[in-house]
Structure formats: structure tokens, C-alpha cells
Amino acid sequence: MSTETVEITCIACPVGCDVSIDVEDGEIQSIEGNTCPRGAEYAKEEYRNPTRILPTTARVTGGVLPRVPVKSAQPMPKPKLEDAMVEIAAVEVEAPVELGDVIVENVCDTGVDIVATRDLPAAEDGPKAVE
Ligand code: SF4
């Protein structure tokens, strides 16, 4: 029989409670430290299937800037984040890029797309205001 206590900071709200999960043979036995039910749900999910939104940048050719900020359209499995970064690093998109454009489809077979989080005009489009 293996037992462990996993410490997690709940980020479901700004309070940031420290939550402890007691686990026996991979099964959650008890959860303590959360001050509301959302914390227990967050801790269970974080233990069983941690996910994160991945924010990064992708290379652009012919744009007013060399890179465009991108993010995963949904939270993706935490163990896949590093591989996703490698896949995104290998991509080069051509300007113009529009907010919401899919930069990588189904990154690392996660079912999650990587999308642009801003417009990036082509260089020949002239000095447009970019935000
Ligand atoms: S347990 Fe509840 S109060 Fe504490 S951080 Fe999570 S959501 Fe906020």
C-alpha cells in the first residue's frame, strides 16, 4: 500500500487556499484546507488531470513584428505542454495574421488548437497601429 499527501494551491479564486490531498494507492481518501466546495473540485481535477492554458509566441514571416503571441484555445494536459512548445517552435506563419487564426491545429494530438491572440499585419501594409 502506498500513501502520499499532495499539496496544491487552489487557484479557483484569488484567495489561493493551500489544499492537501491524502492519496492511498492512487485513490483520493480526503481533501483538507479548502474553504469552499470549489476548492475540493479543483484539487481533484488538478491531481487527476492537471491542465493549463499555454501562452507563448510563434514565428512570423513578412510581418511588422517577427513573432505573434499565441495561446491554446482551451486548457491542455500539463504533461503535453513541453512537447507543444516544441511543435509551436517549428512553425512559421506568414503575415498577415488575424486574432483567432489557428496557428497549430490539434497540437500534439490533444484536440486543442493554438490560436493567435492579436492581429499582426504584413510589413508592406504600412505603419498600422497594432495592439
Ligand atoms: S478553496 Fe474556495 S475559497 Fe479557497 S481558493 Fe479555492 S475557490 Fe477560493
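I looked up T9 and found it opposite D18 in β2. Strand β1 (residues 3-9) and strand β2 (residues 18-24) run antiparallel and are joined by seven bridges. I count strands as DSSP runs of E with at least two residues, helices as runs of H or I with at least four, numbered from the N terminus; two strands pair if DSSP finds at least two bridges between them.

This is a predicted model, in which local features need pLDDT of at least 70 and side-chain atom pairs pLDDT 80 or more, while totals for chains, interfaces and linings use all residues. Residue numbers start from 1 along each chain as its sequence is written.

I followed β2 onward: it pairs with strand β3 (residues 27-32) in the antiparallel sense over five bridges. I21 stands opposite I31 in β3. In the β2 and β3 hairpin, with two residues between the strands, D25 takes a positive phi near 50°.

Next I checked the cores (sets of buried Ala, Val, Leu, Ile, Met, Phe, Trp, Tyr and Cys residues joined through C-beta atoms within 7 Å; buried means 20 or more other C-beta atoms within 10 Å of the residue's own, C-beta atoms being placed from the backbone). The largest nonpolar core has 17 residues, and V68 and V97 are among those with the most contacts inside it. I noted that β5 (55-61), β6 (67-72), α2 (81-89) and β10 (114-116) each supply at least two residues of this core. Apart from it lies another core of six residues, including I8, C10, Y42 and A43.

How values were computed
Buried ≥ 20, exposed ≤ 12 C-beta atoms within 10 Å, placed from the backbone.
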